[in-house]
Amino acid sequence: MPNPFHLAIPVTNLDDARTFYGELLGCEEGRSDSQWIDWNFFGHQVVTHCVASMPTPPSHNAVDDHAVPVPHFGVVLDMDDWQALSERLKVAETEFIIAPYIRFKGQPGEQATMFFNDPFGNALEFKAFASMSQLFAK
């Protein structure tokens, strides 16, 4: 298993972060303070730091005929977990940047993907592969 990554991101309200990361995404809350919360983000450490205002919104790059927000972050799930999260987000009426679909269909690296923002404008991508051997396929 690879070492977990650490990522610190800005948010403007910790209660909203708890609702989104804790309740909607199902991330376990770790240590916290009045200005930050550690999250177990699918085995990785994401820290939401409270800031007065958000930085500039992401730009976009074209990938597979979609406008992908840059920067973004996320995780590669197994297909069953990706599908379950996709359904949970749809039930919660999440506004997708890029709705769940299969990218690079029939090509090396074929993957399920979806993009959406957290309540603060941070872009997230969740993806899955039918076979993890395709993760770095050319």
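**Close-up views of a predicted model**

**Figure 1. Contacts of Leu135.** Leaving out residues up to four places away in sequence, Leu135 touches Val76 and Phe129. The model shown here and in the following views is predicted. Leu135 is located in the segment after β10. Its relative accessibility is 31%, so Leu135 counts as partly exposed. Between the C-alpha atoms of Leu135 and Gly22 the separation is 27 Å, and the two residues are 113 residues apart along the chain.

Figure 2. Val76, Met132, Leu135 and Phe136 make a nonpolar surface patch of about 400 Å². Of these residues, Met132 lies in the segment after β10, and Leu135 is placed in the segment after β10 as well. Met132 has a relative accessibility of 48% and is therefore classed as partly exposed.

**Figure 3. The largest nonpolar core.** This core has 27 residues. Tyr21, Leu25, Phe41, Phe116, Leu124 and Phe126 are those with the most contacts inside it. At least two residues of the core come from each of β1 (6-11), α1, β3, β7 (73-77), α2 (79-91), β9 (111-117) and β10. The largest share, 5 residues, is supplied by α1. In soluble globular proteins, nonpolar side chains tend to be buried together.

**Figure 4. Surroundings of Leu124.** Leu124 is among the residues with the most contacts inside the largest nonpolar core. With its neighbours within four places in sequence set aside, Leu124 is in contact with Phe20, Tyr21, Leu25, Phe41, His72, Phe73, Met114, Phe115, Phe116, Asn117 and Asp118. Tyr21, Leu25, Phe41 and Phe116 from this list are also named among the core residues with the most contacts.

**Figure 5. The β2-β3 hairpin.** Strand β2 (residues 28-32) pairs with strand β3 (residues 36-41) in the antiparallel sense, over 3 bridges. The hairpin that joins β2 to β3 runs through 3 residues. Ser32 has Ile37 in β3 as its bridge partner. A salt bridge is formed by the side chains of Asp38 and Arg31, with an N to O distance of 2.9 Å. Asp38 has 7% relative accessibility and so counts as buried, whereas Arg31, with a relative accessible area of 57%, is exposed.

**Figure 6. A salt bridge in helix α1.** In the model, 6 salt bridges are counted. One of them joins the side chains of Asp15 and Arg18 at 3.9 Å, N to O. Because Asp15 and Arg18 are 3 residues apart in helix α1 (residues 14-24), about one helical turn separates them. Asp15 is exposed, its relative accessible area being 53%, while Arg18, at 28% relative accessibility, is partly exposed. Asp15, Arg18 and Glu29 are linked in a network of salt bridges.

Figure 7. The side chains of Glu125 and Arg103 meet in a salt bridge with an N to O distance of 3.4 Å. This pair links distant parts of the chain, with Glu125 in strand β10 (residues 123-128) and Arg103 in strand β8 (residues 96-103), 22 residues apart. Glu125 counts as buried at 8% relative accessibility, and Arg103 counts as buried at 5%.

Technical notes. Residues numbered from 1 in each chain as written. Predicted model: local features only at pLDDT ≥ 70, side-chain atom pairs only at ≥ 80, totals over all residues. Heavy atoms only, no water. Salt bridge = Lys/Arg side-chain N within 4 Å of Asp/Glu carboxyl O. Helix = DSSP H or I, 4+ residues; strand = E, 2+ residues; numbered from the N terminus. Buried < 20%, exposed > 50% of the residue type's maximum accessible area, 1.4 Å probe, protein only. Pairing = 2+ DSSP bridges. Patch = residues over 30% accessible without salt bridge, like charges linked within 9 Å, V, L, I, M, F, W, Y side chains within 5 Å. Areas by Shrake-Rupley, 256 points an atom, 1.4 Å probe, with all protein chains shown as cover. Core = buried A, V, L, I, M, F, W, Y, C linked by side-chain atoms within 4.5 Å. Contact = heavy atoms within 4.5 Å.
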